[in-house]
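Have the structure open while you read.

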Amino acid sequence: MKMAPKLTLDDAKVIMQACVAKAEEIDVDMDIAITDDSGNLLMFQRMDNARITSIDISIGKSFTASAARKSTRAYGEISTPGKPAFGINTSNQGRFSIVAGGLPLFANEQIVGGIGCSSGTPDQDEMVSQAGVDAFQELIESESQPIHACN
């Protein structure tokens, strides 16, 4: 049997808060999706002026990042004609995304989920997702610190 860490709703709240803060900082309202290790939606937020057409895109980016365990940018780079993953974006009922903005979440080298952002440029989407990854890594590091008793 393999024991694996799981992304919790509290983790997702920390990730979402960081993503929203970054989106506000760069002044781009985003659709932000967070999925679990199976690519199932755990949390979603559509900021006030985020694009309606980006709802499914952000969810697809998050699904891809968690289920495939790789950034959507990385898949985009290997999915052009003649590359090894050409056509992969048509898999999984069209949910597989090859546009930057989806990043996987790892804990103890195990996949625990993904973040997908959409409504800005691909680079802006990825920047907002990266803020969530960074916040999650800080959370993991803070939780792994030994607790010292004070006398």
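Helices (H or I, at least four residues) and strands (E, at least two) here are DSSP runs, numbered from the N terminus. The expected span of a helix is 1.5 Å times one less than its number of residues. This is a predicted model, so local features need pLDDT of at least 70 and side-chain atom pairs count only at pLDDT 80 or more, while totals for chains, interfaces and linings use all residues. Residues are numbered from 1 along each chain as its sequence is written, and side-chain values use heavy atoms, with hydrogens and water left out.

On that basis the 15 residues of α2 should span 21 Å, and the end C-alpha atoms sit 20 Å apart, which agrees.

Buried means under 20% relative accessible area, exposed over 50%, and partly exposed in between (1.4 Å probe, protein chains only). The buried residues of α2 include Ser 54, Lys 61, Phe 63 and Ser 66. Together, the buried residues of α2 pack against β1, β2 (41–46), α3, β3, β4 and α4, where contact means heavy atoms within 4.5 Å.

Ser 66 belongs to α2 and counts as buried because its relative accessibility is 0%. Not counting residues up to four places away in sequence, Ser 66 touches Thr 35, Asp 36, Asp 37, Gly 39, Ile 111, Gly 113 and Gly 114.

## Thr 35, across from Ser 66

Thr 35 is part of strand β1 (residues 31–36), and it's buried too, at a relative accessible area of 0%. The side chains of Thr 35 and Ser 66 make a polar contact at 3.0 Å. For that, a pair of N or O atoms must be within 3.5 Å; within protein, one must be able to donate a hydrogen and the other to accept it, and residues adjacent in sequence count only if both atoms are side-chain atoms. Beyond four places in sequence, Thr 35 is also in contact with several others, among them Leu 7, Phe 63 and Val 112.

Helix α4 (residues 122–143) has 22 residues and runs 32 Å from its first C-alpha to its last, close to the 32 Å expected. Its buried residues include Asp 125, Glu 126, Phe 136 and Leu 139. The partners of that buried set are α1 (9–26), α2 (54–68), α3 (72–77), β3 (102–107) and β4 (110–118).

α4 also gives the most to the lining of the largest pocket, with four residues. A pocket, on a 1 Å grid over the protein atoms alone, is an open set of points where a 1.4 Å probe fits, with protein on both sides within 12 Å along at least five of seven lines; lining residues have an atom within 4 Å of a point. The volume is about 160 Å³, taken as the space filled by probe spheres set on the points, with grid points joined across faces, edges and corners. Among the lining residues are Pro 5, Lys 6, Val 112, Phe 136 and Glu 143.

## Loops and positive phi

Glu 109 isn't a glycine, yet its phi is positive, about 65°. Glu 109 lies in the loop between β3 and β4 and is exposed, with a relative accessible area of 77%. Ser 119 has a positive phi as well, near 135°, in the loop between β4 and α4, but Ser 119 is buried at 8%.

Val 28 is in the loop between α1 and β1 and counts as buried at 12% relative accessibility. Its contacts beyond four places in sequence include Ser 119 and Gln 124.
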